[in-house]
Amino acid sequence: MTGTQVANQIRRLRFERGELTQQALADACGVTRQTIIALEAGRYAPSLELGFRIADALGVRIEEVFLWQAKS
């Protein structure tokens, strides 16, 4: 895994919702497409507020989008 311990299912959830584009998700969440790209790549963990906005835009609970991966 890259720079964060927070894994996400954003890409999978986007495609399960009719191939929602990164730009459409970004617009729904009030961020840039580059932010969605970085999140999907695991380059950083979002703020709690952004995490809830993403979950809301995808129509799921936040626990379905993000998963904490404890280090061994």
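What radius of gyration would a compact globule of 72 residues have, and what value does the protein chain have?

**Figure 1. Overall dimensions of the protein chain in this predicted model.** A compact globule with 72 residues would have a radius of gyration near 11 Å, and the protein chain agrees with this, since its own value is 11 Å. Along the principal axes, the C-alpha atoms fill a box of roughly 35 × 20 × 20 Å. Of the 72 residues, 36% count as buried, while the chain exposes about 4,500 Å², of which carbon and sulfur atoms supply 52%.

Figure 2. Among the contacts with a separation of 6 or more, 56% are accounted for by residues 24 or more positions apart.

**Figure 3. The buried face of helix H3.** Helix H3 spans residues 33-40, and within this helix Thr35, Ile36, Ala38 and Leu39 are buried. Seen down the axis of H3, these buried residues fall within an arc of 160°, and they therefore line one face of the helix. The partners against which the buried residues of H3 pack are strand S1 (6-8), helix H1 (10-16), helix H2 (22-29) and helix H4 (48-58). After H3 comes Gly42, which has a positive phi, near 75°.

**Figure 4. Charged side chains of the protein chain.** The chain carries 9 positive and 8 negative side chains, and the centres of these two sets lie 7 Å apart.

How values were computed. Residues numbered from 1 in each chain as written. Predicted model: local features only at pLDDT ≥ 70, side-chain atom pairs only at ≥ 80, totals over all residues. Heavy atoms only, no water. Buried < 20%, exposed > 50% of the residue type's maximum accessible area, 1.4 Å probe, protein only. Helix = DSSP H or I, 4+ residues; strand = E, 2+ residues; numbered from the N terminus. Arc of directions from axis to C-beta. Contact = heavy atoms within 4.5 Å. Rg over C-alpha atoms; globule rule 2.2 N^0.38 Å. Areas by Shrake-Rupley, 256 points an atom, 1.4 Å probe, with all protein chains shown as cover. Lys, Arg positive; Asp, Glu negative; His and termini not counted. Charge placed at Lys NZ, Arg CZ, Asp CG, Glu CD.
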